[in-house]
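Thank you all for coming.

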Amino acid sequence: MQPFPAESLHYACRGSGLLLPRRLILGGAVVGAVPFGSALARTARHAGKLAAPAIIGGAEPPKPLIMLDPGHGGKDPGAIGLSGTYEKHVAEAAGQELRRQLLATGRYRVAMTRSSDHFIPLAGRVELAQQHGAALFLSMHADALHNPSVRGASVYTHAHGASDTQTADLARTENSADRYGGPLVHGASPEVQQILASLVTEETRTGSAHMAQAVVSSFRSRVLLLSHPHRHAAFAVLKSAQIPSVLVEMGFMSNRLDEAALKQAGHRAMVAGALCDAVNRYFAAAGAGLAG
C-alpha cells in the first residue's frame, strides 16, 4: 500500500481538532507513538494501515565526568625543581596524558580546569568541577619540601587537621596559591573555611577516601610511594561538598631523582596509567556499592 500523502493527514488532523507537528511527518509516514484510541489514530486507520509506533527508551545514562586539575599555572609556577623545572608544566603535561588515557577507555567524559598555562584561583577550580557536574575531582601536583631527600608519590584527602607536619606544610603552600591572583583574589577567612569544610558530606568524604585507596593500590607496583602514602589536611582545592576529591603528589620537585623522572614523558605516562587504573577501580567499587 502506498503511504498516504502528508498533506491529507495534515488536513484530516485539522478536521479532528488536532494539528500534527511537521517534524513528525517524514515522507508521508508518521513518526512517534500514537495512542490507539486517539482522533489521530482513527484518522490513520481510515486512511489506511495504522503506522507502527516508534520504540523509544533504554537510553544509557551519561558517562561519569572526571575533572582533572593540573596544579598552578600562569603567574603561579608552583614548585621549581633543582634544575629549573616548573611544577605547573609537569602538572599540565601529566594531566593531558591522563586525559588521553581516560578517554581511550571509552568509559568517561573528561574536563580540565586548565589545558594551557594560565592562572585559576583555588575556589574557581572547585567551582568548575561543580558547574560541570563532575563525578570525581583529581588535582595533580609535584610540590617541593624542605627536605630534598624525600621522594615518592602520595595522595591527599580533605580533613580539618593535618595527618603530619609535612602534610600541614604542603597544605599551607597550596592554600597560599591565590596570592598570585592579586588584590581581586582573596582566600577565605579561617571562619569561612571552617564553615565550607563542614558542608562536605560524609558520602563525599567516603568517596574521597575510596579514591585515595585506589590511587595507593594502583601506584604500589609501578610508582615509588612515600611511607604512609594516604595523608590528609585542609587543602582548599578539596573542599567540594558534593564531589569526591583527591590531590595527588606525583613526586617532589625538591628531589633530584623525582624531578628528573617527571621531566620524562615515559614516566608521566606510567603515572597517568596508574591514575587511570585507580579511576577504573574507584568506579568499579562504586558500582558494587563500596564507594561514594
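I will go through the nonpolar cores and then turn to one residue in a loop.

This is a predicted model, in which local features need pLDDT of at least 70 and side-chain atom pairs count only at pLDDT 80 or more, while totals for chains, interfaces and linings use all residues. Residues are numbered from 1 along each chain as its sequence is written, and side-chain values use heavy atoms, with hydrogens and water left out.

The largest nonpolar core holds 37 residues, and among those with the most contacts inside it are Leu98, Leu102 and Phe219; by such a core I mean buried Ala, Val, Leu, Ile, Met, Phe, Trp, Tyr and Cys residues joined through side-chain atoms within 4.5 Å, where buried is under 20% relative accessible area, exposed over 50% and partly exposed in between, with a 1.4 Å probe and protein chains only. Leaving aside neighbours within four places in sequence, Leu102 is in contact (heavy atoms within 4.5 Å) with Ile66, Leu68, Tyr108, Val110, Cys276 and Val279. A second, separate core has 22 residues, including Met67 and Val126.

Now, where is Ala142 placed? Ala142 is in the loop between strand 5 and strand 6, and is buried, with a relative accessible area of 0%. Not counting residues up to four places away in sequence, Ala142 touches Ala79, Glu87, Val90, Glu249, Gly251, Met253 and Leu262.

Note on methods
Helix = DSSP H or I, 4+ residues; strand = E, 2+ residues; numbered from the N terminus.
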